[in-house]
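Subject: Structure handover

Hello,

Here is the structure for your work. My notes on it follow below.

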Amino acid sequence: MEIIDNSIVEPIEIRMIRPSKSPVRYAVSPNSPELTNLKSSIKAHGLLQPIVIRPLDHGFEIVAGHRRFAACRSLRWRFIPSKIRDLSDKQAYEIQLTENIQRKSMDPIEEAEAYQKYVNEYGWGGVSDLGQKIGKSEEYVSHRMQLLKLPEDVREKIICSNLSVSQALELTNVDASLKSEFVDEIVNNKLTIKQIRVMKKKIKSESDLYKQTPDKNSKSLNLIKKTNLSLKITLSRIDDLIEDAHGINPKQRVEMIKFLMGLRLKTHSMIDETIHFKKKHLQ
């Protein structure tokens with residue numbers, strides 16, 4: 001249902017306003033660069049856009065503009081220009097989401113958590129319903145929510161922009177014990193999506209490394225998995241080097257490719273040794 005805007009704009013005393021009970025973004029630190037820059041801008045130019053609030057018992061609640069509100073309160077304003085709208089909890093949350101998405105002010109994990117709350121925790125609708133409300137495809141929303149299946153250390157790299165969403169999504173179906181190894185390789189070597197998929201395919205080709213084993217062997221198996229992954233990564237990178245070698249001086253090309261093929265053969269041999277070790281000692 002379309003939300004009819006019957007809002008009014010007027011200055012409201014700051015002490016009468018409280019933050020949203022269901023914010024879509026993390027709280028900002030008072031000393032953060034973002035808030036410092038916002039305060040400087042408001043000092044110089046004033047508040048160019050009023051915050052959005054809704055009336056509740058004994059005051060008002062912020063719908064959109066938490067950081068603007070925090071900046072003005074830090075500047076010791078008594079009143080803040082506010083657009084007042086009569087909204088339900090669901091409508092208020094949808095407006096928060098839409099505004100932050102349009103401003104591109106949320107990191108991917110904040111987005112994912114906000115979508116999960118809407119769909120799962122609050123039960124306000126499905127992925128398709130949410131996508132229509134915020135102007136995003138069902139696939140976009142689903143992919144963002146998939147990021148929450150990743151370990152905390154991987155999500156932190158996404159927040160810090162060390163790992164892209166596309167790269168991270170490739171990790172959602174990787175064995176849990178190997179995710180950290182994959183991430184380190186992706187980040188350190190700036191792997192493309194194609195390179196990541198090649199690595200995954202090579203590792204999956206040996207399905208016996210992913211079989212369940214008794215608990216007494218779990219740590220040893222994990223070490224073998226990591227060994228196998230490291231060798232597979234090496235093999236993948238040698239393949240890339242062989243491809244690059246086709247573009248060098250013809251006089252050097254033959255010997256270089258021969259050398260690299262020799263390394264490739266040795267790496268394959270080491271992978272075989274890893275498999276034989278596992279079969280002999282861990283089964």
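**Salt bridges**

Glu 152 and Arg 155 are 3 residues apart in helix α7, so about one helical turn separates them. Helices here are DSSP runs of H or I with at least four residues, strands are runs of E with at least two, and both are numbered from the N terminus. The side chains of Glu 152 and Arg 155 meet in a salt bridge at 3.5 Å, N to O. The term stands for a side-chain nitrogen of Lys or Arg within 4 Å of a carboxyl oxygen of Asp or Glu. Glu 152 counts as exposed, at 51% relative accessibility, whereas Arg 155 is buried, with a relative accessible area of 18%. The classes are buried for under 20% relative accessible area, exposed for over 50%, and partly exposed in between (1.4 Å probe, protein chains only).

Before the rest, the basis: this is a predicted model, in which local features need pLDDT of at least 70 and side-chain atom pairs count only at pLDDT 80 or more, while totals for chains, interfaces and linings use all residues. Residues are numbered from 1 along each chain as its sequence is written, and side-chain values use heavy atoms, with hydrogens and water left out.

The structure holds 17 salt bridges. One of them joins the side chains of Arg 78 and Glu 13, at 3.4 Å from N to O. This pair links distant parts of the chain, 65 residues apart: Arg 78 is in the loop between α2 (66-74) and β5 (79-84), and Glu 13 is in strand β1. Arg 78 counts as exposed at 56% relative accessibility; Glu 13 counts as buried at 17%.

Glu 99 forms a salt bridge with Arg 68, and their closest N and O atoms are 3.0 Å apart. Glu 99 lies in helix α3 (residues 89-103) and Arg 68 in helix α2, so the pair ties together parts that are 31 residues apart in sequence. Both partners are on the buried side of the cut-off: Glu 99 has a relative accessible area of 15%, and Arg 68 has 10%. Separately, Lys 21, Arg 54, Glu 61 and Asp 89 are linked in a network of salt bridges.

**Nonpolar cores**

In soluble globular proteins, nonpolar side chains tend to be buried together. A nonpolar core is taken here as a set of buried Ala, Val, Leu, Ile, Met, Phe, Trp, Tyr and Cys residues joined through side-chain atoms within 4.5 Å. The largest such core has 22 residues, and those with the most contacts inside it are Leu 147, Leu 150, Ile 158, Leu 163, Leu 171 and Phe 182. Two or more residues of this core come from each of α4 (108-121), α7 (152-159), α8 (165-169), α9 (179-189), α10 (193-204) and α11 (218-245). Another core, of 16 residues, lies apart from it and includes Ile 17, Ile 62, Ile 80 and Ile 84.

Which residues does Leu 150 touch, not counting those up to four places away in sequence? They are Arg 155, Ile 158, Ala 168, Leu 171, Thr 172 and Lys 179. Contact means heavy atoms within 4.5 Å.

**The annotated segment and Val 9**

An unreviewed UniProt entry lists residues 10-101 as "domain: ParB-like N-terminal". UniProt positions are given in the numbering used here, feature names are shortened, and annotations may be inferred rather than shown by experiment. Over residues 10-101 the chain is 38% helix and 26% strand, with the end C-alpha atoms 26 Å apart.

Val 9 lies in strand β1 (residues 8-13) and is exposed, with a relative accessible area of 52%. Its C-alpha atom is separated by 6.9 Å from that of Pro 81, 72 residues apart along the chain. Leaving aside neighbours within four places in sequence, Val 9 is in contact with Pro 50, Ser 82 and Lys 83.

Ser 161 is in the loop between α7 and α8 and counts as exposed at 64% relative accessibility. Lys 190 is in the loop between α9 and α10 and counts as exposed at 68%.

Regards
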